[in-house]
Amino acid sequence: MQHTIVMTGASRGIGYVAAVEALRRSRDLHLVVTTRGPGDALVARLARDSGNPQVGWVGAELASLASVRAAAAEVGRRLDGGALPPLTGFVGNAGLQLTRADRATVDGLEETFAVNVLAHHLLVRLLAERITTPARVVLTTSDTHVGDLRHNLGLVPAPRWRAPLELARPSTAPDAGTATAGRRAYSTSKLAVIHLVHELARRLPPGVEAVAWNPGFVPGTGLTRDGGTLTRLVARHLLPLLARTPLAVDVVTAGGHLASLIGGRPAVATGAYVTKDAEERSSAESYDRARERELWEAADRLCGLA
Ligand SMILES: NC(=O)c1ccc[n+]([C@@H]2O[C@H](COP(=O)([O-])OP(=O)(O)OC[C@H]3O[C@@H](n4cnc5c(N)ncnc54)[C@H](OP(=O)(O)O)[C@@H]3O)[C@@H](O)[C@H]2O)c1
């Protein structure tokens, strides 16, 4: 059956490969990618590389709640007008990692939390009523949410949970302008993504699965581009060598794993955490119902949904 999936973070890195692969594998798929600027060139590349022309774009700067709302409204118009077949999925793959934790969005929110957590919360909330079953919502999280050396290779500090309304505020701590604070905000945002998936699993209608996907360590993407010249050089030229070891995954393999999840494989129960292509347990800390409810309610308030 012809169907639509909306995806963030398809413009480069893991998401680009996943989008091409998902389009290539399914001729029934209509993919709508969100982009920060004009998306015609991106869509043309996705169509060319996949051989599937059923791809379109909507503008969405995820660091702006108004922009996210406008994107969801535009998708709604296209679905209502019959320009798109039924919506059966959402992939929240966009993410950023900054080298400071004091940057504010136009809404006054800490940027990492705003993009990685709130933008996806708002998109899912606004699109949820239009989703037809069976459907799957996939949100990309990260190994770094665990916080130990095996999972972060010493590159990203462990998450530090605080009340969600505090996490959403640009940091004013003495270290707010440091890479350590920025990367901690990143790992904490990815822990928040797993909490959101657990809450979504309880709240989405039957037949709509929520899955948290952890790609593993995928060097060579644009994720560390906010770092200095040395960080970028190491990230681009040295760390990709790790993809030849079990410590890391190359971007083509990671994109393939995400494309499989988009296509419904592996089959998992809603609320599952999938690392690469297999279900496993996320960190012990990531299972916390009280925290998950508090995050949901705070996210609703911050997104103007409450
Ligand atoms: N690489 C890894 O080792 C790794 C490990 C675990 C998890 N992840 C996660 O995997 C996902 C993809 O990351 P990647 O490694 O492929 O990084 P990437 O190459 O930097 O891709 C990030 C994507 O997010 C989009 N994005 C970032 N900020 C945005 C904003 N404000 N508004 C709209 N779109 C925005 C980017 O769009 P633009 O092109 O407009 O910048 C791009 O499409 C992220 O969620 C990341 O946290 C990556």
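# A tour from the sheet to the ligand

Select the strands: 8 of them form an open sheet in the order β3-β2-β1-β4-β5-β6-β7-β8, with mixed pairing. β3 (55-59) and β8 (278-280) stand at the edges; each has a single partner strand, so one side of each lacks a neighbour in the sheet. From one strand to the next the twist averages 25°.

This is a predicted model: local features need pLDDT of at least 70, side-chain atom pairs count only at pLDDT 80 or more, and totals for chains, interfaces and linings use all residues. Residues are numbered from 1 along each chain as its sequence is written.

A few terms first. Helices (H or I, at least four residues) and strands (E, at least two) are DSSP runs, numbered from the N terminus. Two strands pair if DSSP finds at least two bridges between them. Axes are lines fitted to C-alpha atoms, for helices over the stretch in contact; angles run from 0 to 180 degrees between N-to-C directions.

**Along the sheet**

Start with strand β2 (residues 29-35). β2 pairs with β3 in the parallel sense over 5 bridges. Pick Val33: Trp57 in β3 stands opposite.

Next, select β6 (208-214) and β7 (272-275). These strands run parallel, joined by 4 bridges. Trp213 has Val274 in β7 as its bridge partner.

Move on to β8. Its pairing with β7 is antiparallel, over 3 bridges. Thr275 stands opposite Ala278 in β8. Now zoom in on the hairpin of β7 and β8, which has 2 residues between the strands. Lys276 takes a positive phi near 60° there.

**Helices on the sheet**

Show helix α9 (residues 251-262). It lies across β1 (3-8), β4 (87-92), β5, β6 and β7. α9 runs at about 170° to β6.

**α9 against α1**

The crossing is right-handed, meaning that the near helix is turned clockwise from the far one by less than a right angle.

Now color the contact (C-beta atoms, placed from the backbone, within 7 Å). On α1, select Gly13, Ile14, Val17, Ala18, Glu21, Ala22 and Arg25. On α9, select Val251, Val252, Ala254, Gly255, Gly256, Leu258, Ala259 and Ile262. These residues divide into 10 nonpolar, 3 polar and 2 charged. Ala, Val, Leu, Ile, Met, Phe, Trp, Tyr, Cys and Pro count as nonpolar, Asp, Glu, Lys and Arg as charged, and the others, Gly among them, as polar.

**α3 against α4**

Select helix α3 (residues 65-80) and helix α4 (residues 111-128). Their axes come within 10 Å and cross at roughly 30°. That makes α3 roughly parallel to α4. α3 passes α4 in a right-handed crossing. Leu65, Val68, Arg69, Ala72 and Val75 in α3 meet Ala119, Leu122, Leu123, Leu126 and Leu127 in α4. By class, this contact has 9 nonpolar, no polar and 1 charged residues.

**The ligand**

Finish at the ligand, which 24 residues surround; a residue is near if its C-beta atom, placed from the backbone, lies within 6 Å. The closest are Gly13, Leu62, Gly95, Thr221 and Gly222. By class, the shell has 10 nonpolar, 11 polar and 3 charged residues.

Note on methods: Parallel < 35°, antiparallel > 145°, perpendicular 65-115°, else oblique. Contact = placed C-beta atoms within 7 Å.
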